[in-house]
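Here are my notes on the structure you asked me to look over. Have it open beside you while you read.

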Amino acid sequence: MRLWRRLRVHYTPKHGSWLNQAEIEISLFSRQCLGKRRIPDLALLQRESHAWNRQMNGARVRIDWKFSRMDAQTKFGYKKNHFRRSET
């Protein structure tokens with residue numbers, strides 16, 4: 001319960017693209033920065049995470065999306081100009 005009080009919950013769309021980016025970033029951080037190590041205290045975790053973040057930002061690492069807009073239209077059956085204004 002103490003941990004929950006420290007978190008700020010942001011309600012977001014289920015399929016939001018920035019949310020996917022955040023999940024990918026957390027996964028990369030977990031695997032590349034932390035690995036299988038256990039960090040004994042908050043100060044060391046902050047130092048490690050800041051160093052990893054500086055390295056990733058310095059290298060200008062980007063997410064290479066494989067799912068294009070055309071792929072989405074095909075998969076989800078979107079049609080061009082399918083949406084129209086309501087009559088009200």
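1. Start with Leu7, which sits in the loop between helix 1 (2-6) and helix 2 (17-34). With a relative accessibility of 48%, Leu7 is classed as partly exposed, because the exposed class only begins over 50%. Leu7 also belongs to a nonpolar surface patch of about 590 Å², together with Met1, Leu3, Trp4 and Val9.

2. A word on what you are looking at: this is a predicted model. The average pLDDT of the protein is 77, and 76% of the residues score at least 70. Helix by helix, the mean pLDDT is highest in helix 3 (89) and lowest in helix 4, residues 69-76 (77). As a rule, where pLDDT is low, the predicted coordinates should not be read in detail.

3. You will find 4 helices and 0 strands in the protein, so the order from the N terminus reads α-α-α-α.

4. How much of the chain is buried? Of its 88 residues, 7% count as buried. The protein exposes about 9300 Å², and 53% of that comes from carbon and sulfur atoms.

5. Now for the aromatics. A search through the whole structure turns up 1 aromatic pair. The partners are Phe29 and Trp52, arranged edge-to-face, with 5.3 Å centre to centre and 75° between the planes. The pair ties together parts that are 23 residues apart in sequence, because Phe29 lies in helix 2 and Trp52 in helix 3 (residues 42-58).

6. Is Trp52 buried or exposed? Trp52 is buried: its relative accessible area is 9%, and buried means under 20%.

7. Charged contacts come next. The structure holds 1 salt bridge. In it, the side chains of Arg37 and Glu48 meet at 3.1 Å, N to O. Arg37 belongs to the loop between helix 2 and helix 3 while Glu48 is in helix 3, so this pair ties together parts 11 residues apart in sequence.

Key: Residues are numbered from 1 along each chain as its sequence is written. This is a predicted model: local features need pLDDT of at least 70, side-chain atom pairs count only at pLDDT 80 or more; totals for chains, interfaces and linings use all residues. Side-chain values use heavy atoms; hydrogens and water are left out. Patches are made of residues with over 30% relative accessible area and no salt bridge: like charges are joined within 9 Å, nonpolar side chains (Val, Leu, Ile, Met, Phe, Trp, Tyr) within 5 Å. Accessible areas come from the Shrake-Rupley method with a 1.4 Å probe; for residues, only the protein chains shown count as cover. A salt bridge is a side-chain nitrogen of Lys or Arg within 4 Å of a carboxyl oxygen of Asp or Glu. Helices (H or I, at least four residues) and strands (E, at least two) are DSSP runs, numbered from the N terminus. Buried means under 20% relative accessible area, exposed over 50%, partly exposed in between (1.4 Å probe, protein chains only). Rings of Phe, Tyr and Trp (its six-membered ring) pair if their centres lie within 6.5 Å; planes under 30 degrees apart count as stacked, over 60 as edge-to-face and the rest as tilted. pLDDT is the predictor's confidence in each residue, from 0 to 100.
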